[in-house]
Amino acid sequence: MNNSTTLLTFIIISFCFALILIMKKDTLPSNVKRPLAILALIMVAFSFTLIVYSFFTMTKAGV
């Protein structure tokens, strides 16, 4: 796998994880809601950072 495939896979997984947590928030036990929400927030924020970074590197390469 090349870097762009790995990056795209991580972005899709992080957004799906956050979406599943939002949809199933009523069925999760209360002691795991906060850690999972923090993990999803970190993953989505990192995904946005990677998206912005990939746009900057794409424009520098002249593609």
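Met 23 counts as exposed because its relative accessibility is 59%, where exposed means over 50% relative accessible area, buried under 20%, and partly exposed in between (1.4 Å probe, protein chains only). The structure is a predicted model, in which local features need pLDDT of at least 70 and side-chain atom pairs count only at pLDDT 80 or more, while totals for chains, interfaces and linings use all residues. Residues are numbered from 1 along each chain as its sequence is written, and side-chain values use heavy atoms, with hydrogens and water left out.

Met 23 is part of helix H1; helices (H or I, at least four residues) and strands (E, at least two) are DSSP runs, numbered from the N terminus. Between Met 23 and Ile 13 there are ten residues in sequence and 15 Å in space, C-alpha to C-alpha. Helix H1 also holds Ile 11. With a relative accessible area of 11%, Ile 11 is buried. The C-alpha atoms of Ile 11 and Arg 34 are 21 Å from each other, and the two residues are 23 apart along the chain.

In the protein chain as a whole, two helices and zero strands are found. The chain is more spread out than a compact globule, because its radius of gyration of 15 Å is well over the 11 Å that the globule rule gives for 63 residues. The radius is taken over C-alpha atoms, and the rule is 2.2 Å times the number of residues to the power 0.38. Along the principal axes, the C-alpha atoms fill a box of roughly 50 × 20 × 15 Å. Buried residues make up 14% of the 63 in the protein chain. The accessible surface amounts to about 5,200 Å², and carbon and sulfur atoms account for 74% of this surface; the areas come from the Shrake-Rupley method with a 1.4 Å probe, and for residues only the protein chains shown count as cover.

Helix H2 contains Val 32 and Ser 47. Val 32 is partly exposed, at 31% relative accessible area. Ser 47 is buried, since its relative accessible area is 0%. The side chains of Ser 47 and Ser 14 make a polar contact at 2.6 Å (a pair of N or O atoms within 3.5 Å; within protein, one must be able to donate a hydrogen and the other to accept it, and residues adjacent in sequence count only if both atoms are side-chain atoms).

The largest pocket has a volume of about 220 Å³. Two or more lining residues are given by each of helix H1 (3-23) and helix H2 (30-61). A pocket is an open set of points on a 1 Å grid over the protein atoms alone, where a 1.4 Å probe fits, with protein on both sides within 12 Å along at least five of seven lines; lining residues have an atom within 4 Å of a point. The volume is the space filled by probe spheres set on the points, which are joined across faces, edges and corners. Among the lining residues are Ala 18, Leu 21, Lys 25, Lys 33 and Val 44. H2 supplies the largest share of the lining, five residues. By class, the lining has eight nonpolar, no polar and two charged residues; Ala, Val, Leu, Ile, Met, Phe, Trp, Tyr, Cys and Pro count as nonpolar, Asp, Glu, Lys and Arg as charged, and the others, Gly among them, as polar.
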